[in-house]
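I opened my notebook to look over one protein, going from a single residue out to the whole chain. Here is what I looked up, in the order I looked.

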Amino acid sequence: MQLHPRHFGRDLRGKLVAKLMKDVEGTCSGRHGFVVAITGIESVGKGLIRDGTGFVTFPVKYQCVVFRPFQGEILEAVVTMVNKMGFFAEVGPVQIFVSNH
């Protein structure tokens, strides 16, 4: 997690956690799936100062709730829009498209 020097001070850990939540919650990766929520911080390591910028990179270990559907899984979805190409639906935090073709 990278942090700007203006955030250094008394509540450094709190600002680091807030930035982590802002940057990671709601993102999706092929390896882990869709990050729904961060549930806990396990550890925050020592920061490494980046040359020329003053930014500091902190290694952060955290626990989170992820949504990772697998092939063949049956999901209950809410259809949000239908058009001539197919339809859009929402499954929890994820929007899907099902094509007519």
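**Entry 1: a cut-off to begin with.** I count a residue as buried under 20% relative accessible area, as exposed over 50%, and as partly exposed in between. I also keep in mind that this is a predicted model.

**Entry 2: Ile96.** Is Ile96 buried, partly exposed or exposed? I found a relative accessibility of 32% for Ile96. Because that value falls between 20% and 50%, Ile96 counts as partly exposed. I then looked up its place in the fold: Ile96 belongs to strand E9, which covers residues 94-99.

Next I asked which residues Ile96 is in contact with, once neighbours within four places in sequence are set aside. The list I got is Phe87, Phe88, Ala89 and Val91. I also checked a pair set 57 residues apart along the chain, Ile96 and Thr39, and their C-alpha atoms are separated by 26 Å.

**Entry 3: the core.** Which residues make up the largest nonpolar core? I noted nine residues in all: Leu3, Leu16, Leu20, Val24, Val35, Ile38, Val56, Phe58 and Val60. Helix H1 (12-24) and strand E3 (33-44) are the elements that give two or more residues to this core. H1 supplies the largest share, with three residues.

I picked one core member, Val56, and looked up what Val56 touches beyond residues up to four places away in sequence. Leu3 is itself listed in the core.

**Entry 4: the fold.** I stepped back to the secondary structure, and the protein has one helix and nine strands. Read along the sequence, I get β-α-β-β-β-β-β-β-β-β. The radius of gyration is 19 Å, well over the 13 Å that the globule rule gives for 101 residues, so the protein is more spread out than a compact globule.

I looked up the spans as well: along its principal axes, the C-alpha trace covers about 55 × 25 × 20 Å. Of the contacts with a separation of 6 or more, 38% join residues 24 or more positions apart.

Entry 5: How much of the protein counts as buried? I read 15% of the 101 residues.

Conventions
Residues are numbered from 1 along each chain as its sequence is written. This is a predicted model: local features need pLDDT of at least 70, side-chain atom pairs count only at pLDDT 80 or more; totals for chains, interfaces and linings use all residues. Side-chain values use heavy atoms; hydrogens and water are left out. Helices (H or I, at least four residues) and strands (E, at least two) are DSSP runs, numbered from the N terminus. The radius of gyration is taken over C-alpha atoms; the globule rule is 2.2 Å times the number of residues to the power 0.38. Buried means under 20% relative accessible area, exposed over 50%, partly exposed in between (1.4 Å probe, protein chains only). Contact means heavy atoms within 4.5 Å. A nonpolar core is a set of buried Ala, Val, Leu, Ile, Met, Phe, Trp, Tyr and Cys residues joined through side-chain atoms within 4.5 Å.
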